[in-house]
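Hi,

Here is the structure I promised to pass on to you.

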Amino acid sequence: MQLKDRHKQYWRQNLHLTGVLLAIWFVVTFVVGWFARDLQSVTFLGFPLSFYMSAQGALLIYVALVGYYAYRMDKLDREYEVHERDQ
Amino acid sequence: MAAPGQSRFVSQLKRYYALYTGGFIGFVVLLSILEQMGVPNKMLGYIFLGVTVLLYAGIGILSRTSDVAEYYVAGRRVPAFFNGMAVGADWMSAASFIGLAGTLYLSGYDGLAFVLGWTGGFVLVALLLAPYLRKFGQYTIPDFLGARYGGNIPRTIGVFAAILCSFTYVIAQIYGVGLITSRFTGLDFGTGVFVGLGSILVCSFLGGMRAVTWTQVAQYVILILAYMIPVIWLSVKHTGNPIPQIAYGYVLEKVTAREQVLNDPSTPEGAREAEVRSIFRQREKTVRDHLKALDAEGESYLATEKARLVKAVADLQARQDTDPKVLAAANRAVADFPPDAATARKKWRREAEADREKSGPVMAHAEPFAGPDEATRDNKRKNFMALVLCLMVGTAALPHILMRFYTTTSVREARHSVFWSLFFISLLYLTAPALAVLAKYDVYTLLVGSSFSELPSWVSAWASVDKSLMSVTDINHDGIVQLAEVTIGGDLIVLATPEIAGLPYVITALVAAGGLAAALSTADGLMLTISNSLSHDVYYKMIDPKAPTGRRLFIAKALLLGVAVFAAYITSLKPGHILFLVGAAFSLAASAFFPALALGIFWKRANRTGAVLGMLGGLFTCMFYMYITYPFFGVNAPLWWDIDPISAGIFGILVGFAGVIAGSLLTAAPGKDLQNLVDQVRYPSLDGDFKPKDH
């Protein structure tokens, strides 16, 4: 089986999307976590920002990342005609 | 499968589960009416646990099957939404349900590593694994390793690792099952284990993945209701706002203000706290003096000490006006006196440590990586990050979770189903930190400062059940409760919330049923993973590939029974504690599976030598580090870069990646057919696609 150019382009687009979302995941988890002590004095919705991020903010962002990935990949599948047809 | 059939199936499922949820709520209401009519608590506990266990067994019987695809992957027609709930129940174990809020209560911000790790891992599952594994579409995780890397060696290592981490994890679950059933029904621990196990067995034995899936959906409904109802109530009680996740920011501010008052000796309450702490400091010093003397004089010191205590009892008995309580205490001191030097050392060290903890100031709940100096703080931060990474990668590598994504109808559904999984899981993980803060507020404002003669009823109730969960002692004899006089075990927070919130006993029983659902659903998924690895990967793929369907399923079920009995036997020996087992399972899975799985999809060049090297290297590095650092094994070697034993996986993951990359680059690229397989896995649909066969 030979991959066509559009297949390769689909995979590149997928890698790009995956990379961007993973970068956000990394920043939200590890960069924000690393500076947690510095973010304490900032208040958000009554919480110290560092506490809010680890207890709630990061989780909401994770859900959004996974949701966006599913939505975006559905569109990409159709655009490049690699979506599953019999459903 | 044709579209109309599937959509009818989905709407049918929605109707069934809506009816089921309504029925369950009705059942809770009915029981609360019975409670009002005077049915005793023990009876309510029996009815609650009995009915839910029968319910799970009933679903198992209804979903019995003798079809291979139904047994291993629920016929691959589980809709995204329902698979999400099943993953939620599969995922959230006794440790999440009962332990997490308590950990957060006790360790504040630093406990959030578990919240982050156990949710953020699903981002990795969604982006790196689930859609590709679904496209591959076989039955087990070792299946993928076997097909991607070729040959039986990667598969065999996969089977070994899958069994190792699942078995470690399942012991922790069965332990939880035993604990809950024994606490709420009065059965003894061993009987509790076997009763709980019975329902797991009926379920997975008859219907495999199909039964486990539909039971897990039912269990998710129970566990989330059981978790949310008391917390919402508590939130209304303290803030008037029924959404605890929003309301607790304001409560956290008040908790922080209370911490400052209690830590400030110039306030009346702070002064009393300081007084209690100085008593603990004195006690610690006394115990340390004992230890020093023991080191200097050895066994003879023990003999003199014991003689002194015996003499004290005799003196007290000789006097006429001795207070009987004082005499009893002196007698107890003689009875509890350690018989030999080793026991004494262990006992006194533990006591000194407990006293030292009590003599320190109140921990600030919201402060990240608190510590007296920069080095301690940095070390805590480093370990926090390491633990988060380990738990995340472990999440994305535990076979019982990944396996669930084989059960959806398509790649598209698999992606959506990770979204629903994370959504349903987050409901609990967003609530646990709120519960910890609300419970803390209750303890800091209502319990602290109350009089010993009028303790809140939940305090005396739990103190009489289990001293390690709840105990209050008037250390400075002022008749008023100080925070330093309260000892709380982590598991208490979830178990006692209904009573703290002033809810009827029915809700306590509901919480117990929720905890049981969490433990049983996870145990279900794990046992199935273990027995499937043995029956499918070992027996069918390696020993007898021509075995007829009937024999394959017979073998699968027989192995399941064997695994269950063996796991229950090991659990009844009570090896180590839950957090140790859970941490080990995550580290092992992360080290063994993640590098080979992720690189297998994203790096075509990865080959068999690399996979074998990476998996074995990762697994052994992780096992070695656990062996030399966990106190359980008694080696107690110095830590590598101060990384705590619970994050052993961090070294395993690094070695795993290095192994796969080095091993692959040093040997020839994989053949054309393996590279084609990678392409097929990467695209949801390709011309000339392979069709996973289900028989």
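Helix α3 of chain A (residues 49-79) is itself kinked by about 40 degrees, centred on G57(A). Helices here are DSSP runs of H or I with at least four residues, numbered from the N terminus, and the bend at a residue is the angle between axes fitted to the seven residues ending there and the seven starting there.

Please keep in mind that this is a predicted model, where local features need pLDDT of at least 70, side-chain atom pairs count only at pLDDT 80 or more, and totals for chains, interfaces and linings use all residues. Residues are numbered from 1 along each chain as its sequence is written, while chains are lettered from A and ligands numbered from 1 in the order in which they are written.

Now to the contact between the chains: 41 residues of chain A and 46 residues of chain B take part, with contact meaning C-beta atoms, placed from the backbone, within 7 Å. On the side of chain B that touches chain A, α17(B) gives the largest share, 12 residues.

V66(A) touches F122(B), V123(B), A126(B), V418(B), F419(B) and L422(B), leaving aside residues up to four places away in sequence.

Best wishes

Methods: Two residues are in contact if their C-beta atoms, placed from the backbone, lie within 7 Å. Helices (H or I, at least four residues) and strands (E, at least two) are DSSP runs, numbered from the N terminus.
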